[in-house]
Amino acid sequence: MDTSSPARRGGSVAIVGRPNVGKSTLLNQLLGQKLAITADKPQTTRHRILGIVELPAGQLALLDTPGIHRVRGARALNEALNRTAIGAVAEADVVWLMVVAGQWEEAEDRILAALQREGRPIMLLVNKIDRLKRREELLPFLQKVAAKHDFAEIFPISALKGDNAQRLAEHTLAHLPEGGARYPEDQLTDRSLRFISAEFIREQIMRTLGEEVPYAAAVTIDQFEEKPALVRIIATIWVERDGQKAILIGRGGARLKAIGTQARRAIEDMVERKVFLELWVKVRAGWQDDPRFLQSLELDDPK
């Protein structure tokens with residue numbers, strides 16, 4: 001009688017879907033801490049973010065991706081975001097396609113078609129089930145989407161509340177190779193604190209400002225100095241026009257100060273040290289169509 005324990009499994013899982021379906025929220029939920037930034041705006045996620053989840057039976061290397069959207073006539077930034085998302089799928093063992101409960105539109109059909117071309121097993125995640133006004137609406141929706149593709153599994157979840165998230169992670173291991181763990185057990189991500197700090201600053205811009213400025217804003221780190229009791233960061237926020245700069249700074253610098261305060265607190269929670277954060281705002285016209293500048297933002301895999 002074989003009494004040996006089952007072999008540990010592991011591999012990479014790409015989380016894909018259109019913007020604002022909850023991909024980054026799910027990543028943070030499974031990690032048990034904040035890594036990916038979140039905001040109720042498209043383009044919040046601009047990067048492929050790796051988060052490593054350790055389970056008793058194995059390891060999940062989760063790849064959060066930008067929301068996939070139409071690029072007809074789009075700017076270079078939008079095209080780069082779509083390339084990043086599909087690139088993550090190409091390196092993944094399994095794909096989590098996330099949709100919002102009760103919502104399957106043309107965008108989902110296009111994304112599913114792109115995923116089918118990649119040939120990876122697809123697990124469908126039906127998110128935000130806690131927001132359904134009537135729970136009896138869920139079963140007909142699940143039956144409808146099940147007919148779209150031979151999904152490996154279908155999981156109704158609430159990424160925000162964590163409903164069914166742990167079960168999802170455990171079931172995913174069965175679709176990953178034996179012995180596939182790729183990272184040390186104590187590693188959280190492959191992104192640097194410098195990179196994460198820039199993201200936390202951009203998150204506060206997304207959350208604080210209205211419709212126009214967040215999409216025209218990018219953040220670069222000019223100085224990042226770590227000491228035992230203090231992290232010193234000097235960062236530049238780039239916008240495309242003088243009017244956007246004025247909006248971001250606010251009267252007497254009040255809005256920029258508020259953004260800096262919230263970003264500093266988020267970074268302090270991550271590094272568990274005091275943070276000195278200095279922000280500057282500069283104008284760079286047309287940066288969203290500047291390939292060299294986009295490359296400096298590390299939109300693709302950092303390796």
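Guide: Strands are DSSP runs of E with at least two residues, helices are runs of H or I with at least four, and both are numbered from the N terminus; two strands pair if DSSP finds at least two bridges between them. The model is a predicted one, in which local features need pLDDT of at least 70 and side-chain atom pairs count only at pLDDT 80 or more, while totals for chains, interfaces and linings use all residues. Residues are numbered from 1 along each chain as its sequence is written, and side-chain values use heavy atoms, with hydrogens and water left out.

With those terms in place, strand S7 covers residues 218–226 and strand S8 covers residues 230–239, and the two pair in the antiparallel sense over eight bridges. Three residues lie between S7 and S8, which together form a hairpin, and within this pairing Val219 is found opposite Ile237 of S8.

Turning to charge, the structure contains 15 salt bridges, each being a side-chain nitrogen of Lys or Arg within 4 Å of a carboxyl oxygen of Asp or Glu. One of them joins the side chains of Arg8 and Glu54, at 3.2 Å from N to O. This pair connects distant parts of the chain, 46 residues apart, since Arg8 belongs to the segment before strand S1 (9–16) and Glu54 to strand S2 (residues 49–55). Arg8 counts as partly exposed because its relative accessibility is 34%, where buried means under 20% relative accessible area, exposed over 50% and partly exposed in between (1.4 Å probe, protein chains only); Glu54, at 28%, is likewise partly exposed.

Arg9 and Glu178 also meet through their side chains in a salt bridge, at 3.6 Å from N to O. Here the link again spans distant parts of the chain, with Arg9 in strand S1 and Glu178 in the loop between helix H5 (165–173) and helix H6 (193–208), 169 residues apart. Arg9 has a relative accessibility of 27% and therefore counts as partly exposed, whereas Glu178 has a relative accessible area of 54% and is therefore exposed.

A further salt bridge is formed by Asp290 with Arg284, whose closest N and O atoms are 3.0 Å apart. Asp290 is partly exposed because its relative accessible area is 22%, and Arg284, with a relative accessibility of 31%, counts as partly exposed too. Finally, salt bridges link Lys34, Glu203 and Arg207 in a network.
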